[in-house]
Amino acid sequence: MSTTTPVIPTQTKVAIFGTASLAFCGILVETSMNVTFPTLMHQFHTTLATVQWVTTAYLLAVAATMVITAFIQQRFRWRTIINVGGAGFVLGGLLCTVAPQLWLLLFGRIIQAIGTGLALPLVFAQIMTQVPFTAQGRFTGTAGMLIALAPSLGPTYGGLVTQLLSWRLIFGITLPFGLIAWLITAKTIRQTQAPRSRPFPLCQFGLVVAALILLIFSVNNLSTHGLSLVFVWLPLLLAVLAVLTFTRSATRTTHPLINPAVFQQGNFTRALLIYFFIQFIQIGLTFLLPNFAQLALGKNALVSGLMLLAGSLCSAILSPLAGKLMDRRGIRRPFQIGSGFLLLATLSLAGLAQHLSVGLIIGLFVGLFVGFQIGFSCLFNNALTYGLQQLPPQLMGDGNALFNTLQQYSGSLGTAIMAVLITLGTRMAPSASSTMQTTLGTQIALWFSLIIIMIVAALALTTKPIANMADDQHQSRSSNH
């Protein structure tokens, strides 16, 4: 590896920072709403299964938007994309702030999600095309730190605003910051290649969106319909058919929505799976534990949000350091360290599940969850960087779109599955108190999380760096610049 420090224009740094800041605002309100569900259930007179769509619908809309980012980033000017994204964030936030009914809140969330879905992929598109190879890990880690601050601060911010003011101001307070980030980015963003005309594969897009919606619909129905043929198995089967039809269509066209050739790189697919599963558990736990504290332990939104703060901030702080470790030592060392921390922390948390209390959760999240977040920092952003580095330049947009789509969809799926597992406690102990039912459901969800983390560790620990990959990619990127 070269020891020469690459020179990166200030304009590029400002544009990356501005785009990441807009994405930060979008993700902040996304995770802030997780602690407001009991409040929303009371205000709108509905159930947890219904209210969780405030997060699930948002993440689903973000994922659906990110599916087409490879097409959008090639077809339109990046300044146009960020302008549409910024406008979506502001307009959606205004609707959520004044929403008198749940359906309008959901509509505003979807509009805001489209804005976030357009902004977030641009962060990593700029890094992978405008930052030299030898600094990509550091920049991805730094941008990831800023973005990771959002889910770190989200539950605490949401709990504080909800407890002291109103949940509506979760959106109102973030609006001016998102507006400033939008204007800064629109002023400084640039792109190395001019937009080029290409047809939009509408049918393929419809198939992907149908698969995403049908899978979430199937999972959500588990809590109310069990293993129903019509409400669970049928939509699941249709989702699989939609994916297979999309794959067949994409391999037969010259302009696919997402090029299936990215999966020919085995290390890319491995990194993508690691990225998906880690985010699945991360967002799932930020939904699971605050709601457990409120529904089972009777604590308020502020306390339930503060429980997650210390460990989550650790992840944001360590992300740039983990990126530097990858730049200097390769991918295996951070993957080994991260896997060890994740396994130890999740095993301990699941093993103590039956003894959960607010005090114990706080203690665990100061200790065990800090360990979890150390592991998360070593694997999450590094998996994205490593995965994209396996691809040739012409497939970079497709790979970036897949990573960002699955990042958001994994959160949507994680929230939905955790809600189902909490509800499972009611089915398993119908005569028990609601506190015991919620506690049982939480225990099931934590053991399920451990199984997923074991899969992540198996994938990470068997990752093998490709010989000369760094040198070949470095020469390729240098020639392009």
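**View 1. Cys25 and Cys378, two buried cysteines.** Cys25 is buried, at a relative accessible area of 5%, and Cys378 is buried too, at 8%. Here "buried" means under 20% relative accessible area, "exposed" means over 50%, and "partly exposed" is whatever falls in between (1.4 Å probe, protein chains only). What we're looking at is a predicted model, where local features need pLDDT of at least 70, side-chain atom pairs count only at pLDDT 80 or more, and totals for chains, interfaces and linings use all residues. Residues are numbered from 1 along each chain as its sequence is written, and side-chain values use heavy atoms, with hydrogens and water left out. How many disulfides turn up in a search of the whole structure? The search finds zero, a disulfide being a pair of cysteine sulfur atoms within 2.5 Å.

**View 2. The chain and its helices.** You can count 20 helices and zero strands in this chain. Both are DSSP runs numbered from the N terminus: helices are H or I with at least four residues, strands are E with at least two. Of the 481 residues, 58% are buried.

**View 3. Leu40 in the largest nonpolar core.** A nonpolar core is a set of buried Ala, Val, Leu, Ile, Met, Phe, Trp, Tyr and Cys residues joined through side-chain atoms within 4.5 Å. The largest one has 129 residues, and Leu40, Leu105, Ile127 and Ile274 touch the most other members. Helix α12 (residues 266-295) gives the most to this core, with 14 residues. Skip the neighbours within four places in sequence, and Leu40 is in contact (heavy atoms within 4.5 Å) with Met33, His45, Val51, Val54, Leu105 and Trp167.

**View 4. His45, out in a loop.** Look between α2 (37-44) and α3 (48-51) and you'll find His45 in the loop. His45 counts as exposed, at 71% relative accessibility. This residue isn't a glycine, yet has a positive phi of about 55°.

**View 5. Phe403 and Ser410 on helix α18.** Leaving out residues up to four places away in sequence, Phe403 touches Phe268, Ala271, Leu272, Tyr275, Ala383, Leu384, Gly387 and Leu388. Phe403 and Phe268 sit 135 residues apart in sequence, but their C-alpha atoms are 10.0 Å apart in space. Ser410 lies in helix α18 (residues 396-428) and is buried as well, at 0%. With its neighbours within four places set aside, Ser410 is in contact with Phe276, Gln279 and Phe280.

**View 6. A nonpolar patch on the surface.** Patches take residues with over 30% relative accessible area and no salt bridge, joining like charges within 9 Å and nonpolar side chains (Val, Leu, Ile, Met, Phe, Trp, Tyr) within 5 Å; a salt bridge is a side-chain nitrogen of Lys or Arg within 4 Å of a carboxyl oxygen of Asp or Glu. Helix α11 (residues 229-251) gives the most to the patch, with ten residues. Phe231 is in α11 and is partly exposed, at 35%.

Key: Accessible areas come from the Shrake-Rupley method with a 1.4 Å probe; for residues, only the protein chains shown count as cover.
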